[in-house]
Amino acid sequence: MLRAATSILALLLLVSGAGAAAANELTFTASAPRACDAPSTLRLLLKDLEIPRNRAVTIRAYAKPAQGDESFIGLFAVMGDSATAPGNRKMPEARITATPTFRRSLEAGSATAPLLVILRPFAGKAALKDLDWSVGAVEWACR
Amino acid sequence: MDRKDREESRRHFLAAIGADAAALLVPAALVRPAFGQVCAPPGNTSNPTPWGRDCRSIQPRRPASTLTGSEITKLKAAYKAMRDLATSDPSDPRGFVHQTHIHCHNCGGGGSSIQVHFGDRFLPWHRAYLYFHERILGALIGDMNFRLPYWDWENPAHRTMPSAYTSPNNSTNPLSNSLRSMGPGDTLDPTDGQPATALSETNFADFSPELEGSPHGSIHNAVGGDMSFFDTAAKDPIFYAHHANVDKLWSDWTKADASHTAPTTAAWLNQTQGFFDENKKWRTIRNADVVDHEAKLRYIYAGRTWEFVTWLCLRDWVLVDRLQLLDTSRIQLSPAGRQKLLPLIGKSETRLRLISPQLPQDRSASYFLYYDERDAKANRGPESSSYLGSVSVVLMSKDNAQKMGQPRKLDFDIKGKLKGLTDRSAEFSFFLVEKTQKGPNAAVSKLPVRGVEVLRGQEA
């Protein structure tokens, strides 16, 4: 089974939300992912994602090395059930597939230092500053 | 794959795209209270008619941004008629409100336990939904060649909403929606409409959820308003152009590689979806029926993968009667056979099939075929009531040393000629006349056959 063959590369810990409250982003410290063997796909797995059922959310993920610029990893989007739906949607795992551009940057570089993974919630271009949401942890995985 | 593997695969499939763990174990209706609108289909849906065949001509769905002025007018007229129907007859399942409820009801809305997202029904269900929606729109404007447009948001030049849906941006435009977050002229974030990662997947179980999350979900969220929620998304007409593009990407992915196939399990292929058609008839359609949208649903996608393909209609032909052969050139319609044919007059597609006709092979020539000798001698072609059609013989070589084989059968459309045929009480023959022969005394020859059948087209 393809899914059963998924290999977890690194478990990342939630370490920081400080200074990010204004943008309502979640920040994780991560080891640098290694490039997956072609044609495998590099994925960022969001563990225990929880978002309100009455909100449509697009989560954009970025990677930021200690010294260097942010780069876009990919995104995950889910519609809301209804504007009046109560409660939260709890997802054991949501996956973000790394864009070809991000994968190429990994293949070209040799960075091994930890980096930040930043998750930002949007609806289209609009940042969702008031969204009450959480992610338990993130992991890199190759399929 | 054994049962355990299948369940494991399904569990991973659902988990990967974010379905609730609870939803895997118990019906959603038991774990969630009803919310939002009541959106169950109207009337009795317990006795469905299976979808049959579609024999319309194949027409392209085209990018919404490339529609001509008259095509936009037609698109707006179709949605206006659908909206008007919702007002004039709220119980009509073809009205716009009921059309939007179809999506709501199949997405857990109003307490429904059905959810076509987050699983392997996502693509086939939406394809079937758009198909019946499109047929209804076409019927409402009297044009069954009408096809939905698609919003090709992955095209950098088309990141604004197609102007037909925003101009004018008020209630006088049946394609507008006042609740959108995305205004006229606003552009999508380039990352919202990127299908590259989905298209790079190599199997359906990965491709479908990847496409569903993004760009499908991210475009819904970017448009905002009704489009943001499962229960209201279809209230925005851009929904159908958006999903036509999602459907096109499935089509593109399928064409990109021979290994890119839909699931082949009987369970998936036989899974059925229910919709009202343009005649208000409740239809069920299987996943297997929607996989080949070109041959079966009669549309293709214009644009990057444009291919103009002419397909033969895949209608089934059912034997109605075998005519009596007195000898190879003398045919008679029996009284019982006549009784079988009479109900078909003016109603059904009908064919006359000649089994193993013995065509002349002495030279290359084109012939007209009649079933009345006097008409044959007059040789007025299609103007004659007993004219059946034409047939050509082309020899293998000029010296005719190598004889060509005879055809096993020849079929002729006799829909408009059935009454003339049933009126004949006496025996008759088939007569060949060279096209170049002039009446009123053209040279005719009888065409021997080994059987004659009348067939009717199986209605879709």
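Guide: Welcome! Let's start with a rule for reading strands: two of them pair if DSSP finds at least two bridges between them. What you have above is a predicted model.

Visitor: Thanks! How many bridges join strand E9 and strand E15 of chain B, and in which sense do they pair?

Guide: The general idea comes before the case. Strands of a sheet pair through backbone hydrogen bonds, either parallel or antiparallel. In this model, strand E9 (residues 350–355) of chain B runs antiparallel to strand E15 (residues 451–457) of chain B, with six bridges between them. To find your place, look for B:Leu354, which stands opposite B:Val452 in E15(B).

Visitor: And in which sense do E9(B) and strand E12 of chain B pair?

Guide: The pairing of E9(B) with strand E12 (residues 409–413) of chain B is antiparallel, over five bridges. Here B:Arg351 has B:Asp413 of E12(B) as its bridge partner.

Visitor: Now a whole sheet, please. What is the order of the four strands in the open sheet with E10 and E13 of chain B?

Guide: Read across the sheet, strand by strand. The order is E11-E10-E13-E14 in chain B, and the pairing is antiparallel. Strand E11 (387–393) and strand E14 (444–446) of chain B are the edge strands, each pairing on one side only. From one strand to the next, the twist averages 30°. Strand E10 (residues 365–370) of chain B is joined to E11(B) by six bridges in the antiparallel sense, and B:Tyr367 has B:Val391 of E11(B) as its bridge partner.

Visitor: Which chain B sheet has mixed pairing?

Guide: That is the open sheet of three strands, in the order E1-E4-E3 of chain B. Its edge strands, pairing on one side only, are strand E1 (49–50) and strand E3 (272–276) of chain B. E1(B) and strand E4 (residues 282–286) of chain B pair in the parallel sense over two bridges, and B:Thr49 stands opposite B:Arg283 in E4(B). A helix joins the picture too: H6(B) packs on this sheet, touching E3 and E4 of chain B, and its direction makes about 20° with that of E3(B).

Visitor: On to helices, then. At roughly what angle do the axes of H4 and H6 of chain B cross?

Guide: Two packed helices are described by the angle between their axes and the distance between the axes. For helix H4 (residues 69–88) and helix H6 (residues 122–140) of chain B, the axes come within 8 Å and cross at roughly 95°. That angle is why H4(B) is called roughly perpendicular to H6(B). From H4(B), the contact uses B:Ala78, B:Tyr79, B:Ala81, B:Met82 and B:Leu85, and from H6(B) it uses B:His133, B:Ile136, B:Leu137 and B:Leu140. Sorted by class, that contact holds eight nonpolar residues, one polar and no charged ones.

Visitor: Within what distance do the axes of H4(B) and helix H5 of chain B come?

Guide: The axes of H4(B) and helix H5 (residues 96–105) of chain B come within 6 Å, crossing at roughly 95°. Therefore H4(B) is roughly perpendicular to H5(B) as well. H4(B) brings B:Tyr79, B:Met82, B:Arg83 and B:Ala86 to the contact, and H5(B) brings B:Phe96, B:Val97 and B:Gln99. The classes here are five nonpolar, one polar and one charged.

Visitor: Where is the confidence lowest and where is it highest in chain B?

Guide: Where pLDDT is low, the predicted coordinates should not be read in detail. Chain B has a mean pLDDT of 85, with 86% of its residues at 70 or more. Confidence there is lowest in helix H2 (residues 21–25) of chain B, at a mean of 27, and highest in H6(B), at 98. The pLDDT stays under 50 over residues 1–33 of chain B, and also over residues 304–312 of chain B.

Visitor: And what is the mean pLDDT of chain A?

Guide: For chain A the mean is 81, and 77% of its residues reach 70 or more. Its lowest confidence is in strand E2 (residues 13–16) of chain A, at a mean of 39, and its highest in strand E4 (residues 42–52) of chain A, at 95. Residues 1–21 of chain A have pLDDT below 50, though this stretch has 52 contacts in the model beyond near neighbours in sequence. As a whole, the model scores ipTM 0.85 and pTM 0.70.

Terms used: Residues are numbered from 1 along each chain as its sequence is written. Chains are lettered from A and ligands numbered from 1 in the order in which they are written. This is a predicted model: local features need pLDDT of at least 70, side-chain atom pairs count only at pLDDT 80 or more; totals for chains, interfaces and linings use all residues. Side-chain values use heavy atoms; hydrogens and water are left out. pLDDT is the predictor's confidence in each residue, from 0 to 100. Contact means heavy atoms within 4.5 Å. Axes are lines fitted to C-alpha atoms, for helices over the stretch in contact, and angles run from 0 to 180 degrees between N-to-C directions. Angles under 35 degrees count as roughly parallel, over 145 as roughly antiparallel, 65 to 115 as roughly perpendicular and the rest as oblique. Ala, Val, Leu, Ile, Met, Phe, Trp, Tyr, Cys and Pro count as nonpolar, Asp, Glu, Lys and Arg as charged, and the others, Gly among them, as polar.
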